Amino acid sequence: MSKARGIADSYTNTEIDSDIVTLTSSKLNKRNVTYISPSQHNNLMLIVDGELYTASGNSGGNNNSGTGRGLDAQVSDFGLNNIKRVIFQNKPNANLIKVGGNGYDGMFALFDNGYLYTWGQNTQGSCGVGHTSPVATPTLALTDCVDVYGDLIIDPYLITESSLFVKRSDGYVYASGDNNDGQMGLGTATNYSTFQQLTWLGTYPKFVGYNHGYGSSVI
């Protein structure tokens with residue numbers, strides 16, 4: 001007999017049923033999980049009751065950047081038993097509608113009032129906040145954003161640089177971050193730490209897809 005089975009056998013049916021009812025009524029029914037992210041460089045993102053929660057797969061610095069809960073304080077706070085809520089400073093009353101990123105370098109959260117927050121390692125300036133230093137907690141990057149394009153987690157194990165493509169209320173697409181391969185279509189191979197307007201795309205495109213990796217491209 002296994003130890004687990006032995007423990008289970010030590011409870012009566014009434015006690016087990018009571019535990020299940022208690023768990024269901026006090027925890028599960030009070031939690032509305034509307035989003036669970038795929039693995040993002042060993043990070044996990046959840047939207048629970050309209051709030052963003054994150055967990056890190058290990059204590060590495062890259063993973064800590066992607067949690068949005070600070071850099072230094074996360075050294076030991078990893079694993080599913082350390083899922084914690086992400087705090088958005090100076091956020092007005094608004095609903096979280098989209099989150100994502102590549103797990104460590106460029107993460108984002110978009111609210112229905114157009115507020116776009118970014119955070120992460122920010123190596124190439126993908127957070128769009130005007131510098132390339134790590135952004136430890138969510139920072140307001142735009143106030144008139146209506147969508148964020150691209151699947152930034154196609155191959156998280158190959159991503160070392162990243163870009164962020166968004167649509168603003170004027171209908172134009174803007175991009176920040178890695179442009180080493182000219183993927184922004186601006187005729188340069190220069191990285192940008194602030195959002196650049198991509199006028200060549202025109203306004204209100206139906207779809208923008210970003211192919212992440214060392215040889216990046218945009219469709």
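This is a predicted model: local features need pLDDT of at least 70, side-chain atom pairs count only at pLDDT 80 or more; totals for chains, interfaces and linings use all residues.

Analyst: Happy to! Let's take strand E10, residues 163–168, which is mostly covered, with six of its six residues buried.

Now for the partners. Strand E9 (residues 145–149) runs antiparallel to E10, and four bridges join the two. Within this pairing, Tyr149 has Phe165 of E10 as its bridge partner. E10 also pairs with strand E11 (residues 173–177), again in the antiparallel sense, over five bridges. Here Val166 stands opposite Tyr174 in E11. E10 and E11 form a hairpin with four residues between them, and Gly171 in that turn has a positive phi of about 90 degrees.

Elsewhere in the chain, there is an open sheet of four strands in the order E5-E6-E7-E8, with antiparallel pairing. Its edge strands, E5 (96–101) and E8 (135–142), each pair on one side only. Neighbouring strands of this sheet are turned by 20 degrees against each other on average, direction ignored. E5 pairs with strand E6 (residues 107–111) over five bridges in the antiparallel sense, and Val99 stands opposite Ala109 in E6.

One last stop is the loop between strand E7 (116–120) and E8, where Gln124 is found. Gln124 counts as buried because its relative accessibility is 14%, under the 20% cut-off. Its side chain is joined to that of Asn191 by a polar contact of 2.5 Å.

Notes
Residues are numbered from 1 along each chain as its sequence is written. Side-chain values use heavy atoms; hydrogens and water are left out. Two strands pair if DSSP finds at least two bridges between them. Axes are lines fitted to C-alpha atoms, for helices over the stretch in contact, and angles run from 0 to 180 degrees between N-to-C directions. Buried means under 20% relative accessible area, exposed over 50%, partly exposed in between (1.4 Å probe, protein chains only). A polar contact is a pair of N or O atoms within 3.5 Å; within protein, one must be able to donate a hydrogen and the other to accept it, and residues adjacent in sequence count only if both atoms are side-chain atoms.
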